[in-house]
Structure formats: structure tokens, C-alpha cells
Amino acid sequence: MDHIVTVQDAVTAFEPWLEPTDAELDAIDAEMPVIRAEMELLDAHIIVIDRTPCELDERRIRRARRRVLAAHRDHVNGVSGQTGGAA
């Protein structure tokens, strides 16, 4: 069976409006510390997914949770501080 692709799909597949804007990329960059902290927490959970966590594993998870909370706090404070300064 042959799939039929419209010409419109092929033409609009590379339209510039499909790319993220500079503002969206800046927002992603600003949130990267939160994303990295959440990935670290996920990694800590993955490590113990198939075994009982030992004391070291529990400390690793607690540290990762604290980093996530701190990253969220810093992100929120940074975003609100930037908004307040611009107004």
C-alpha cells in the first residue's frame, strides 16, 4: 500500500513557525537547572528500582530531592525577580 502525502505537508514541514522562538529557548535555558535536578532525582530512583535501597541510596535520593526543591525555589525567585524588575 502506498501512502499519499499532500504537497502542503511537505511544504510546511520546514516552516520557521514550527521552530521554537527565542523566548521559548530562553525559558528552557532558565529552567535547565530544574530539569537537571529532576533528572538526577530520577536517576537516583532508577538505581534502586530493582533492589532495596541501602543507606547510601537513601542519602542520594534525599540529596537529589533537596536539589530539586532548591532549583525550583531559585527558578521561581529568579523569574519573579526578573518580572518585578522589568515592570
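The structure holds 5 salt bridges, a salt bridge being a side-chain nitrogen of Lys or Arg within 4 Å of a carboxyl oxygen of Asp or Glu. This is a predicted model, in which local features need pLDDT of at least 70 and side-chain atom pairs count only at pLDDT 80 or more, while totals for chains, interfaces and linings use all residues. Residues are numbered from 1 along each chain as its sequence is written, and side-chain values use heavy atoms, with hydrogens and water left out.

**Salt bridges around D57**
- R51 forms a salt bridge with D57, with the closest N and O atoms 2.9 Å apart.
- The side chains of R60 and D57 also meet in a salt bridge (3.1 Å, N to O).
- Salt bridges that share partners join R51, D57 and R60 into one network.
- D57 is buried, at 2% relative accessibility, whereas R51 is partly exposed at 43% and R60 is partly exposed at 28%; buried means under 20% relative accessible area, exposed over 50%, and partly exposed in between (1.4 Å probe, protein chains only).
- D57 lies in helix α3 (residues 55-86); helices (H or I, at least four residues) and strands (E, at least two) are DSSP runs, numbered from the N terminus.
- Leaving aside residues up to four places away in sequence, D57 touches I47, V48, R51 and T52, where contact means heavy atoms within 4.5 Å.

**A further pair in helix α3**
- E55 and R59 form a salt bridge between their side chains (3.4 Å, N to O).
- Both E55 and R59 lie in helix α3, 4 residues apart, about one turn of the helix.
- E55 is exposed, with a relative accessible area of 54%, while R59 is partly exposed, at 37%.

**Helix α2**
- The 26 residues of helix α2 (residues 22-47) should span 38 Å, and its end C-alpha atoms are 36 Å apart, which agrees; the expected span is 1.5 Å times one less than the number of residues.
- A kink of about 50 degrees lies at E31, shortly before the proline P33; the bend at a residue is the angle between axes fitted to the seven residues ending there and the seven starting there.
- V34, A37, L41 and A44 are buried in α2.
- The C-alpha atoms of A37 and R63, 26 residues apart along the chain, are separated by 10.0 Å.

**Overall make-up**
- The protein has 3 helices and 0 strands.
- Buried residues make up 11% of the 87 residues.
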